[in-house]
Amino acid sequence: MRNIFFKRFFNLLVIAALVLPIFSSISIRAHAEDTVSVKLLSVNDLHGKIDVTGTVNNENYGRADYLATYLKARKATNPDNTLIIHSGDMIGGSSPVSALLQDEPTVEIMHAIGFDVGTVGNHEFDEGTQELLRMVHGGDHPNGTIGYKGMNFPVVAANVEYKDTGKLVFDPYAIKEVAGVKIGFIGVATVETPNMVMATGIKDIRFTDETAAVNKYTAELKAQGIKAIVVLAHVPGDQSGETATGQIAKLAKSADDEVDVIIAAHNHVKLNAIVDNKLIVQAWEYGKAFADIDLKIDPVTGDIVEKQAEIVDVIQKGVTPDPEVSAILAKYHEMVGPILNEVVGVASVPMNGGYPIKGIIGDNALGNLIADGMNYEMKSDFALMNGGGIRDILGKGEITWENLFNIQPFNNTLISVTIPGSALEPILNAQISSYGPDVSIGGFSYTWNSATNKVVNIYLPDGTPIDKNKTYSLTVNNYMYEHATDKYKIRQYGKNPIQGPEDLQATVNFVKSINGPIHYAAEGRISEDTKAPELADAKLPDADFRNGSYLHDVTIALEATDAGIGVSHIEYSLDNGVTWNRYEDGLTVNKEGKNSVQYRAIDKVHNVSETKTLEVFISSATIENTIALVQQAEGNKGIKTSLIAQLEDVIKTFEKDKENKAYQSLEKIYLRISQLPNKHLEEVDKKEIMFMLQYIIEHRTAISGDEFPALKAS
């Protein structure tokens, strides 16, 4: 019994020895402040819009000095343990106060705010690899500021390497130490970058798979004992409930589980989600919002044990802009002010731009204006303008140089090429995706089918189909021409390239050339409406005679309806389709005999209805036709013979140039017929004969019937 007791007691001691450390650890963790609180403040897709205020629902958002106030205030809540970071596209596509000085003002503002680490987006490569290296490391540029020293914080990119050596252009990651714990920041840029920037500028580098790069350098960080890992990913994604979708979700699922936080970018949305236990955030665009991320890090293991985020809108109301950043803005505004404030035109309506859309009317006002300006500048037949190159709207009122710069900020140049008419369709098909068309157009219009993503018809401005055997000139910008994959097929089909001026200057010149206020609108240059109008039956007055014919002239009313974009016009032909005339308020025919009228309707995107034919018979008011009516009448033969003889005598009177006497005779004949009883002449016949005689007498058309021209249309 004693042995059993000691044995059980010993077992309990062993169990206690094993369990006690666990409870001890839990107790210590529960009662001691053993985690480090770290705050990350992240910005994405600023695009150098340092002086731009965005207005949504009458609320003002953004501008760099307001963004600075918000970030500095949030940092003040945890000053020693806060890092300010970004996930790319901080420069490129910038407002002129930054772009005219090579985006160096944006970098100066980032220094004033206190950024700690960032990565590259596609727009950092807008001017090529070498200019980006200068922006990061410093050096003078003819358009920049004197003594530019570069960025004073690390720029990381784990998947951007030189083609010839395979070496990375930038460090793959940066390590930041906060309160004794180390955090690794890995940067990656979307592999789609070569399709979005000038191919010639980045021909020396390549972009490798984002996930492979993240996992490779996560392994390096882990080998150094770093387990708090944040990925700065210029990769897009979307919110779906509490999770995320798209490329950023795919990256999260395939990335090493040691990755804790991913800062997304590129598609300018708000995103705050958990995917595979990884926190993903993205904070809108243009400094109108930022992400405030709170982390709890175990100082023993170095692991992030808690993470949460808030997307904070940068609302200007009730907030004082940061004086340091405001002073920087004022300095650079003074430097570039004269050109920015030049008024080049007036807009009578606001004009939206961007990408074309699906639907009956797919084009947009601003895209149409820019494309027409490209044709104007290069004297070309056609123009294509990529939707991603239109970066702002045009407001109503005075148009300044700055307004147009914000719309076209990339300093692209125009290139005109020659193409056969047959090439325009495959060029257009190549730019249509599941999202719809990519480019605005000038000099032609087209219809397309979203079920097939193919063009249906292409028309010239006058509504005639494009001549596939003719050669046309086509203007694009050099981004489209030099696209890395020739996505737009301009190099494939285009010949004899001619270099033009910058696209912005072309738009400025075109706006200046327009007399009076500019009123561009979406008009159906691009449309999914492929259904033709429907013609209504022509409307005619009641016939004058029992056989359905008319006396001298007939006015025809034509109508049509359209279930799509709407009827443009109706046209008619009186020569069996050889020539067509536009129908306005009425069509009058007065040629004696059979008038064959063909008519059709055309909608605003040039769909043509079926052609209908109408036959109208006219008996001119002449003595000869009156005699024919008497001959056909039912009545006393002798009376008819007498009336015919009298009418023939009138003709002889005319032949003797006794016109007045002849019309007097016709009046007497009219009176005689009116007094004839019905037994001598049928009532209906009598009325028709009298009707014609009255018209002859009143209009003096006895011989030729030509009071009016043989044909008229009104």
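Me: A polar contact is a pair of N or O atoms within 3.5 Å; within protein, one must be able to donate a hydrogen and the other to accept it, and residues adjacent in sequence count only if both atoms are side-chain atoms. This is a predicted model: local features need pLDDT of at least 70, side-chain atom pairs count only at pLDDT 80 or more, and totals for chains, interfaces and linings use all residues. Numbering runs from 1 along each chain as its sequence is written, and side-chain values use heavy atoms, without hydrogens and water. At what distance does a polar contact join the side chains of glutamate 571 and arginine 600?

Reply: Glutamate 571 sits in strand β33 (residues 567–573; a DSSP run of E, at least two). Among the residues it touches (heavy atoms within 4.5 Å) beyond four places in sequence are Trp580, Tyr599 and Arg600. The polar contact between the side chains of glutamate 571 and arginine 600 spans 2.6 Å.

Me: Is glutamate 571 buried or exposed?

Reply: Leucine 558 lies 13 residues away from glutamate 571 in sequence and 9.1 Å away in space, C-alpha to C-alpha. Glutamate 571 has 13% relative accessibility, so the class (under 20% buried, over 50% exposed, partly exposed in between; 1.4 Å probe, protein chains only) is buried.

Me: Which backbone oxygen does the side chain of threonine 119 reach?

Reply: Threonine 119 belongs to strand β5 (residues 117–119). At 1% relative accessibility, threonine 119 is buried. Its contacts beyond four places in sequence include His86, Glu124 and Leu232. At 2.6 Å, its side chain reaches the backbone oxygen of valine 156.

How values were computed:
Helix = DSSP H or I, 4+ residues; strand = E, 2+ residues; numbered from the N terminus.
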